[in-house]
Amino acid sequence: METRILRYFLVVAKQGTISAAARELHISQPTLSRQIQQLESQLNTPLFIRASRHMYLTKAGSAYEEKVRRILTELDQANELVATISNDDLTGTIRIGCVESEVTKILVPALTAFHQRYPHVRYEFYDADGEDIQERLDQGILELGMVSAPISTVKYHTLKLPVQDRWGLLVRPDSELARHRVITVRDLVTVPLIIPHRALFYNDLNELVQGRQLNIVAESNLLTNVCYLAQAGVGNVVCIEGAPRPATTNLKFIPFAPERRQEQFLIWPKGTTMTEATRKFVSQFRQEIDAQSE
């Protein structure tokens, strides 16, 4: 079915008469009337109730008008978009997952520079913990992931990032711990804790406290909501220093002693083919990382 006929239909629905619609479209009345009749014949249902001086949409006609208007609007937008894009321009979507970390400080400038160079590339971001991101990489939902060590080099290609996140504790500013310069093992075993919901981190935390009993009151994969729990006095949040947190919670970060740092990596699955946009982004990002390390 030609879009021209659909546009005729919309004008007739708007004007309410064949004569008025024909004047707007600059075609003859018999031609327009014949086109509308052919459309109704193809659809096998009347679209208009024809009164003596006006044409009213049937129920089917009203439903059809709504759908046709939406389709033609999207088609017009697509035509406008294509007109602005050269076949030499890079298009596509980069799907990337990212943990709450200092890595955003290098990811955002890299994506900004890439967007300026390739403005027609779109982005889909997914914020989660590293295990969730790796699961989505394995399922093909994401193409890239920015995650913390350790990483399976058997499953993923890795690019080490110039970021090391420092672990510590978020505490209320009016608490006893807020006066400490560092948080020791002795401090950790005496206060209620809210920890990341990640098996690898739990093992690392047990190694830090050397098997001593911890008072874990909650676990979470992201930081925002548990910060409010900490502000309410439920517990103290174990997290990395650079993770974004709500400014309204007014919590204080105190690092662990001995110091615990965590390396960050950009990873993507082995044995899969990346889209052209993602491949070019990884190449450009790798060059930027290499330049920073020189």
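1. A salt bridge is taken here as a side-chain nitrogen of Lys or Arg within 4 Å of a carboxyl oxygen of Asp or Glu. The model is a predicted one, and by this rule the count comes to 15 salt bridges.

2. One of these pairs is D174 with R172, whose side chains meet at 2.8 Å from N to O, so the pair falls within the 4 Å cut-off. D174 counts as exposed, with a relative accessibility of 55%, whereas R172 is partly exposed at 27%.

3. A salt bridge also links the side chains of R70 and E66, with an N to O distance of 3.3 Å. Both belong to helix α4 (residues 59-84), and because they are 4 residues apart there, about one helical turn separates them. R70 has a relative accessible area of 44% and is therefore partly exposed.

4. In the salt bridge between K160 and E263, the closest N and O atoms are 2.8 Å apart. K160 lies in strand β6 (residues 156-171) and E263 in strand β11, so this pair ties together parts that are 103 residues apart in sequence. K160 is partly exposed, with 48% relative accessible area, and E263 is likewise partly exposed, with 25%.

5. The side chain of Q262 makes a polar contact of 3.2 Å with the side chain of W167.

Key:
Residues are numbered from 1 along each chain as its sequence is written. This is a predicted model: local features need pLDDT of at least 70, side-chain atom pairs count only at pLDDT 80 or more; totals for chains, interfaces and linings use all residues. Side-chain values use heavy atoms; hydrogens and water are left out. A polar contact is a pair of N or O atoms within 3.5 Å; within protein, one must be able to donate a hydrogen and the other to accept it, and residues adjacent in sequence count only if both atoms are side-chain atoms. Helices (H or I, at least four residues) and strands (E, at least two) are DSSP runs, numbered from the N terminus. Buried means under 20% relative accessible area, exposed over 50%, partly exposed in between (1.4 Å probe, protein chains only).
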